[in-house]
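Biologist: Could you show me the structure, please? I would like to go through it step by step.

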Amino acid sequence: MHSLRPSEPRPSERRRSEPVSPVRQHAALRTGASGPGLPRRPALEIPVIAHRGASDDVPEHTLAAYEAALLQGADGLECDVRLTADMQLVCVHDRRVNRTSNGRGVVSTLELAQLRQLDFGSWKQPAAGEEHEYAEYPDLRREGAHRVLTLERLLQLVVEHPHRVEMAIETKHPTRYAGLVEEHLVALLDRFGLAHPRLGETSPVRVMSFSAMSVRRIRRLAPSLDTVLLLDRVPLRLRDGSLPRGVRIAGPGIHILRIHPEYVERVHSMGNRVHVWTVDQPSDIDLCVELGVDAIISNRPKAVLARLGRDGTAAAAAARHGVVELNPDSP
Ligand code: G3P
Ligand code: CA
């Protein structure tokens, strides 16, 4: 069970949590009635994180989806991780492979070799009359781009990229392997030099979970990694914007901010940050900008970048990081 995935709030709780309409809360925010928190981030500086890759265009959690996200200029990549029967971390959202592959079964009971037999791409076909994003990026159709993606392969993509790419890795619980997930995750990150950044440096990786226990395990195993507590409802004890000890980033679903936009300011007033999922609609992007969130996680990174007024291309992303792209045609 997600420890924070809640049952419906009790009526008394609901009354307490809905004292002001969202519209009036917006007005309060604009007047700057805030505490000594973090400054609000300008739109152009909000990192855009591709949720399961550019998963609106390309089948989720495939290498192709992540390559597409980088081509579209995303600042970071989100993925879910699960352990296979032979203790390999793979990027799969659901407990079973049934929805996103041509196979059946529970990820944790299958070995990596068995998962590698499956096609994780063909389930997602473009709607009639529409073209796949592949039309734009034919290379994404190559062999292997739609096989199961190991976290190791995804990290390789990230560390080989010419500029820094953020990684938001979500541990999925419950699972029969409990704390082994975090142990294998930190060991793998360590192999890439991403688990224990030196003083004054920050890892591009942060670990997220709905499970407070999982977040605690990461804090214990890799104390200098950023952690995100994901929330699909804000429990009473955290409604003042505080977070569990050691956690500095709240990860509310956009549905929370539609009803309680003041939550962002509360988190900021505690010196914490807010990363919001899954933000695909223009009105939701606008709300995130107005509230000054610290990261937008979206299935449509290209559309979000455009709405933020940024050039959604790999070249623009490179330029943002000061990387000069060499023209292969120039002498
Ligand atoms: O980025 C957080 C978000 O991915 C949480 O929900 O179900 O899509 O993993 P889910
Ligand atoms: Ca996720």
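Biologist: How many helices and strands are there in the protein?

Modeller: This is a predicted model. The protein has 12 helices and 9 strands.

Biologist: And what percentage of the residues is buried?

Modeller: Of the 331 residues in the protein, 53% are buried. The protein exposes about 15,600 Å², and carbon and sulfur atoms supply 51% of that area.

Biologist: What share of the contacts joins residues 24 or more positions apart?

Modeller: Among contacts with a separation of 6 or more, 64% are between residues 24 or more positions apart.

Biologist: Let us turn to the ligand. Which residues surround ligand 1?

Modeller: The surrounding residues are His51, Arg52, Glu78, Asp80, His93, Glu170, Lys172, Met208, Phe210, Leu230, Trp277 and Ile297. This shell divides into 5 nonpolar, 2 polar and 5 charged residues.

Biologist: Which polar side-chain atoms lie by an oxygen atom of ligand 1, and at what distance?

Modeller: For histidine 51, a polar side-chain atom is 2.6 Å from an oxygen atom of ligand 1. For glutamate 78 the corresponding distance is 2.9 Å, and for aspartate 80 it is 3.4 Å. On its own, ligand 1 has 300 Å² of accessible area, and the protein covers 92% of it.

Biologist: What does leucine 154 touch?

Modeller: Not counting residues up to four places away in sequence, leucine 154 touches Tyr66, Leu77, Cys79, Cys91, Leu149 and Met167.

Biologist: Next, leucine 83. Where is leucine 83 found, and is it buried or exposed?

Modeller: Leucine 83 is part of strand β2. Its relative accessible area is 2%, which is under the 20% limit, so leucine 83 is buried.

Biologist: What is in contact with leucine 83?

Modeller: Beyond residues up to four places away in sequence, leucine 83 touches Gln88, Leu89, Val107, Ser108, Tyr177, Leu180, Val181 and His184. The C-alpha atoms of leucine 83 and serine 108 are 5.8 Å apart, although 25 residues separate the two in sequence.

Biologist: And leucine 308: where is it found?

Modeller: Leucine 308 is in the loop between α11 (301–307) and α12 (314–320).

Biologist: Why does leucine 308 count as buried?

Modeller: Leucine 308 counts as buried because its relative accessibility is 5%, and the limit for buried is under 20%. With neighbours within four places in sequence left aside, leucine 308 is in contact with Ala43, Leu44, Ile46, Val48, Ile285, Val289 and Ile296. Leucine 308 and alanine 43 are 265 residues apart along the chain, yet their C-alpha atoms are separated by 5.7 Å.

Biologist: One last residue. Where is the place of histidine 163?

Modeller: Histidine 163 lies in the loop between α5 and β4. It is buried, with a relative accessible area of 7%. Leaving aside neighbours within four places in sequence, histidine 163 is in contact with Ala317, Ala318, His321 and Val323.

Note on methods
Residues are numbered from 1 along each chain as its sequence is written. Chains are lettered from A and ligands numbered from 1 in the order in which they are written. This is a predicted model: local features need pLDDT of at least 70, side-chain atom pairs count only at pLDDT 80 or more; totals for chains, interfaces and linings use all residues. Side-chain values use heavy atoms; hydrogens and water are left out. A residue is near a molecule or strand if one of its heavy atoms lies within 4 Å of it. A polar contact is a pair of N or O atoms within 3.5 Å; within protein, one must be able to donate a hydrogen and the other to accept it, and residues adjacent in sequence count only if both atoms are side-chain atoms. Accessible areas come from the Shrake-Rupley method with a 1.4 Å probe; for residues, only the protein chains shown count as cover. Ala, Val, Leu, Ile, Met, Phe, Trp, Tyr, Cys and Pro count as nonpolar, Asp, Glu, Lys and Arg as charged, and the others, Gly among them, as polar. Contact means heavy atoms within 4.5 Å. Helices (H or I, at least four residues) and strands (E, at least two) are DSSP runs, numbered from the N terminus. Buried means under 20% relative accessible area, exposed over 50%, partly exposed in between (1.4 Å probe, protein chains only).
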